[in-house]
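Trainee: Could you take me through the helix packing in this protein, with a close look at one crossing and its surroundings? I would like the terms spelled out as we go.

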Amino acid sequence: MPTVALTSNLAWNPLDRLQAFQLVLVSTCRSISPTNTILQRKCQPKPLSSKFRLHCQLKTEEVQIRRRSPFLESLFLSGDGVVASREWKTVPDIWRSSAEKFGDRVALVDPYHDPPSTMTYKQQGSEFGLDFGIRNVLAAKCVTGLRRIAKCIGGWVIGSVLTHVWFKISADEQDVHNRTCHPKYDRQNAILLTQNMGHTDCLFRQLEQDILDFSEGLRVIGVKPAEKLAFFADNSCRWLVADQGIMATGAINVVRGSRSSVEELLQIYNHSESVALVVDNPELFNRIAETLCSQAAVRFVILVWGDKSCCTSEVLEGLPVYNYKDIIALGHESRMCLLDSHDARQHYIYEAISSDDVATIMYTSGTTGSPKGVMLTHKNLLHQINNLWDVVPAEPGDRFLSMLPTWHAYERASEYFIFTYGIEQVYTTVKYLKEDLQRYQPNYLVSVPLVLETLYNGIQKQISTSSTARKLVALFFIKISLTYMDIKRIYEIGFLFLYCLMDLAGLQGKCLTKCQKQCSFLVAAFDWLWARTISLILWPLHMLAKKLVYNKIQTAIGISKAGISGGGSLPSHVDRFFEAIDVKVQNGYGLTESSPVAVCRIPSCNVLGSVGHPIRHTEIRVVDFETGDVLPPGSKGIVEIKGPQVMKGYYKNESATKNALNEGGWLNTGDIGWIAPFHSLGRSRRCSGIVVLEGRAKDTIVLSTGENVEPSELEEAAMRSSLIQQIVVIGQDQRRLGAIIVPNKDEILATGKMSIIGADTSELGKENMTALLREELRKWTSQCSFHIGPILVIDEPFTIDNGLVTPTMKIRRDKVVAQYKLQIENLYK
């Protein structure tokens, strides 16, 4: 007589939301997760006897809560009281929409990692897998209903048999599904033959699938919602998958690049209270492993690229290390199990991630002193995704070239946005930028001013090394085109030429002015006629220049639609040059604290010298430096931002949050600027409401590379030298830092360095003095994150009397820079 066991599983939900009662045959019993609360009763009848021996076992454990993106993983949430919606509530939700809309379009090309990879939005055949998953969930609910009916009529055997038959059919279909969609089969890993950089093998994978698998893999290894994972890596296709996979679990990623110092990465890890490390490759791990593992608690390590065998063995004892493929494999197996088994899903409570939950912590300036971790929510980032199309009207199939670090807020928000429009993104590096611009001919390039400056300098060098005749012709045409564009900005025809004078809408210039007084109609009309006449004379020469010179430059640059510049101030001469050769450059502005884009020039109103209009749902105002009163258009003051993209606050830094955000939700940017006043006609008609920046009032310096530098660290280190009386670090929008130094002459003489600087104490040799101070700076700032390049030595100290120091003895940086503006310009030539 066969032994039959009766198993009763009662799952107790701490929130009293989940109850299940299942009766199954031994042959169909499945393994049960230890994370359930189970009351298990095993009954075993004795052979040839009417007496039974009853064995009861009580096992109590906590039910596990799992959080998921509401739209991306709505299958798991539909049965837990969560209303299914196609609206994006979290950033990972965008991937399901993109997969449905753009199918097997190429999303990512990553030619410089091993293996080179190409990823689609959703590969062909995945729809079957999705349908199968939906049908399996519905079937599992049907099975539960059959069991309940069988229980009611006392026919538990019938219910079990039906269950067994159903899952046999499902297993057969699962095998078909695996043959078409499982990563181990050829269809999922199809080989794409490309011509990119001579690479012939590119792993062809599905972006949405990898994000889902990676997020589930993190759950398998124990990542819980709201936990923080330090993510130190550079841009690649796997960076994007890991980033979105972490967010899809409800966890928070704390991002930084691989070029940061070990001390900086350690401080970020500890300050953010991260529990584990996701790292770019074994090389980076080996560089930081000893310090990090000895001074921080690391639960596990995930390698985005590379093999685990290359990691330092000394620090791996007892530390779990996974590579990218391990997490994908664990996640895929778990997802298939959850889709296949209703019982497996019953072990968890599923909750939706909220739009107000923190998605990421991004550390801005001050990480070497007082770190400021900017907390950005899903709602903050979704604002960027939903509202950047006015700035970048991307179309399916457009190609973007990416070279900025993806942990930078500017690049990150841009990537999230463009993938919702079915574009193709190609990852490149500074080393291969010039070649890839020509090879891939991108429609858009997202960059910082330094990239455009580099392109500009390359073009100028090419022209200067040409033959005399070609050089003269090119320079002549460029000068003509610069003049033509300057004149053209005075008028912008809204209607046909013949009706321009009869309609004020025809007088729409794009010349910036602070003046609120508007010119008369007659003056505007004459101005328009003059500009129009001159432009008609120059237009044929400009068109000839396009044909003879600019077309070749455009082919070499390869940007067919626009270069989007952000992360720093764009030099006016670079801006004007690209406009002259008909390469559109759009400049924007924002901060990490604003997710980051707040204002940007749009294609239809690309006003040079500005950073454009505020994007949708964003308010900009300018307030007085001292009083904080709101200033009228045209007045210079501190720029403030308000909108859905403004951060939640600084992590574990309430005082800094209060200083940055006022009670009304306005973000103090610390930048100096003004808003162009309204004009109903004339050369400034289209400029009303445009934001113009003139510098930074707060201490943070933004280099042209997009790097943020907190000068206080360098200044404090330099002031340890007795030879330096005062110092102001400069370098806003420059390639490297500089400094204005007031030397301590008495100390220099007292230390016996007269032989170096000269015996005449009243006329100290400036060159020798500069050399001496440069050596002092090198000595005292060698351990800092950044280094100082050129220095300007001045004799007059900063004092309260000359207005360069506040009553509280703080140096007024903006006034110092303004007073020595010409000397600083010469310093950087």
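Predicted model: local features only at pLDDT ≥ 70, side-chain atom pairs only at ≥ 80, totals over all residues.

Mentor: Happy to! Let us begin with burial: a residue is buried at under 20% relative accessible area, exposed at over 50%, and partly exposed in between, using a 1.4 Å probe and protein chains only.

Residues are numbered from 1 along each chain as its sequence is written, and side-chain values use heavy atoms, with hydrogens and water left out.

The protein has 24 helices and 34 strands; these are DSSP runs numbered from the N terminus, with helices being H or I over at least four residues and strands being E over at least two. A contact means heavy atoms within 4.5 Å. Of the contacts in the protein with a separation of 6 or more, 68% are between residues 24 or more positions apart.

Now for the crossing you asked about. Helix 5 (residues 207-220) and helix 9 (residues 324-340) have axes that come within 6 Å and cross at roughly 90°. Those axes are lines fitted to C-alpha atoms, for helices over the stretch in contact, with angles from 0 to 180 degrees between N-to-C directions. Angles under 35 degrees count as roughly parallel, over 145 as roughly antiparallel, 65 to 115 as roughly perpendicular and the rest as oblique. Helix 5 and helix 9 are therefore roughly perpendicular to each other. On the helix 5 side, the residues that meet helix 9 include Leu212, Phe214 and Leu218, and their partners in helix 9 include Ile327, Ile328 and Leu338. The residues of this contact between helix 5 and helix 9 divide into 9 nonpolar, 5 polar and 4 charged. Here Ala, Val, Leu, Ile, Met, Phe, Trp, Tyr, Cys and Pro count as nonpolar, Asp, Glu, Lys and Arg as charged, and the others, Gly among them, as polar.

Helix 11 (residues 378-387) and helix 12 (residues 409-419) have axes that come within 8 Å and cross at roughly 55°, so helix 11 and helix 12 are oblique to each other. Leu381, Gln384 and Ile385 in helix 11 meet Ala413, Tyr416 and Phe417 in helix 12. The residues of that contact between helix 11 and helix 12 divide into 5 nonpolar, 1 polar and no charged.

Leaving out residues up to four places away in sequence, Ser98 touches Gly103, Tyr121, Phe419 and Thr420. Ser98 sits in helix 2 (residues 94-102) and is buried, with a relative accessible area of 1%.

Tyr269, in helix 7 (residues 262-271), is also buried, at 1% relative accessibility. Beyond its neighbours within four places in sequence, Tyr269 contacts residues including Phe232, Leu277, Leu292 and Val298. Tyr269 and Val298 are 29 residues apart in sequence, with 9.5 Å from C-alpha to C-alpha.

Finally, a few backbone details. Most residues other than glycine have a negative phi, and most peptide bonds are trans. Asp114 and Pro115 are joined by a cis peptide bond, with omega about 5°, and Pro115 lies in the loop between strand 6 (106-110) and strand 7 (117-120). Gln441 has a positive phi, near 45°, and is partly exposed at 34% relative accessibility.
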